[in-house]
Amino acid sequence: MDEPMRITLIDDEPTHVAHMRHALQLPLPGRDGRPLVQTIGSVQVLHTLRQCSTATDAMVVDWLMLRDFGGVLPPLTLPAGTGRAPALVLLPRHVPEPDLCRALGMGAEDYAFKPIAAAELRWRLARLSMPREAPMPHYGAWRLVAVTHSVEVRADAPRPGHPRLSVTLTECEFRLLASLLRQRNAVVSREYLIASAILAFQNPDSRALDTHIYRLRRKLPLDGSRGLLLQGIYRRGYRLCATEPGERR
């Protein structure tokens, strides 16, 4: 499972901060684990960051606080120490043109208008923090190829005589399978799968998730014959089980 993503919210409006925190209570699309969220709510605290090193995977910054901070991005760094953490800057709906020019000239990785919708925040942060070469989960003969959203299953597992498969999935189906594969042998809740498979607008009780699971089963040999068995757990979620003896733990 991935390390929890660290997100820093830089905003001095408690209501909007609470809104963003609520949106980040579930994993971001395509990520495992609930994000770790910290908040900076004053320009004074921002100034203290000049004297210390603070690491985060991504930051969401209110433009009005940045303007009072001097119109520059805070010196928050990536956890690996490989440079400044990517920033999503939130602009007022009716930002004056001089402020807009200053904001766009800072070189932030992304911009959006405030207040930001929960689904949009989650999408933008997921894209912002996505590694260029994200390692994909694999199991035995199963390989996931992110560039093409495809799944490759070699011919030699779990037993000879099975042809090699290469199946292209939709982006949603691909992320759903990746989430199940990362948590192989565990029951994964419906809420978690909806969040991690980029179904941000769906209610956990809707049938959208079941529809995607049905399509995965039609496209891929998830009946246990190739080492993986996809099970529905009543009222809880789904489980992708390893059917090879050495991988059932």
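**Close-up 1. Asp32 sits in the loop between α1 (14-23) and β2 (36-40).** The model shown here and in the other views is predicted. Asp32 has 0% relative accessibility and counts as buried, because the cut-off for burial is under 20%. Across the chain from Asp32 is Ala195, 163 residues apart in sequence. The C-alpha atoms of Asp32 and Ala195 are separated by 9.6 Å.

**Close-up 2. Helices α6 (residues 171-182) and α8 (residues 208-219) pack at an angle of about 85°.** Their axes are 10 Å apart. The angle makes α6 roughly perpendicular to α8. From α6, the contact takes in Cys172, Glu173, Leu176, Leu177 and Leu180. From α8, the residues are Leu209, His212, Ile213, Arg215, Leu216 and Lys219. By class, the residues of this contact divide into 7 nonpolar, 1 polar and 3 charged.

**Close-up 3. A salt bridge joins Lys219 and Glu173.** The N to O distance between the two side chains is 2.7 Å. Lys219 belongs to helix α8 and Glu173 to helix α6, so the pair links distant parts of the chain, 46 residues apart. Glu173 is buried, with a relative accessible area of 2%. Lys219 is partly exposed, at 34%.

**Close-up 4. Lys114 and Glu13 meet in a salt bridge.** The side chains are 3.2 Å apart, N to O. Lys114 lies in the loop between β7 and α5, and Glu13 in the loop between β1 (6-10) and α1, so the bridge ties together parts that are 101 residues apart in sequence. Lys114 counts as buried at 11% relative accessibility. Glu13 is partly exposed, with a relative accessible area of 39%. Salt bridges that share partners join Asp11, Glu13, Asp62 and Lys114 into one network. Over the structure, the count comes to 11 salt bridges.

**Close-up 5. Lys114 and Pro115 are joined by a cis peptide bond.** Omega is about 0°. Pro115 is found in the loop between β7 (110-113) and α5 (118-129). Lys114 is also the salt-bridge partner of Glu13.

**Close-up 6. Asp110 and Arg124 form a salt bridge.** The N to O distance is 2.9 Å. Asp110 lies in strand β7 and Arg124 in helix α5, so the pair ties together parts that are 14 residues apart in sequence. Asp110 counts as buried at 18% relative accessibility. Arg124 counts as partly exposed at 26%.

**Close-up 7. His149 has a positive phi in a residue other than glycine.** The value is near 55°. His149 lies in the loop between β9 (142-145) and β10 (150-153). At 24% relative accessibility, His149 counts as partly exposed.

**Close-up 8. Arg235 has a positive phi although it is not a glycine.** The angle is about 65°. Arg235 is placed in the loop between β13 (228-233) and β14 (237-242). Arg235 counts as exposed, with 74% relative accessibility.

**Close-up 9. Cys172 and Cys241 both count as buried.** Cys172 has 14% relative accessibility. Cys241 has 14% relative accessibility. A search of the whole structure finds 0 disulfides. Cys172 also takes part in the contact of α6 with α8.

Terms used. Residues are numbered from 1 along each chain as its sequence is written. This is a predicted model: local features need pLDDT of at least 70, side-chain atom pairs count only at pLDDT 80 or more; totals for chains, interfaces and linings use all residues. Side-chain values use heavy atoms; hydrogens and water are left out. A disulfide is a pair of cysteine sulfur atoms within 2.5 Å. Buried means under 20% relative accessible area, exposed over 50%, partly exposed in between (1.4 Å probe, protein chains only). Helices (H or I, at least four residues) and strands (E, at least two) are DSSP runs, numbered from the N terminus. Axes are lines fitted to C-alpha atoms, for helices over the stretch in contact, and angles run from 0 to 180 degrees between N-to-C directions. Angles under 35 degrees count as roughly parallel, over 145 as roughly antiparallel, 65 to 115 as roughly perpendicular and the rest as oblique. Contact means heavy atoms within 4.5 Å. Ala, Val, Leu, Ile, Met, Phe, Trp, Tyr, Cys and Pro count as nonpolar, Asp, Glu, Lys and Arg as charged, and the others, Gly among them, as polar. A salt bridge is a side-chain nitrogen of Lys or Arg within 4 Å of a carboxyl oxygen of Asp or Glu.
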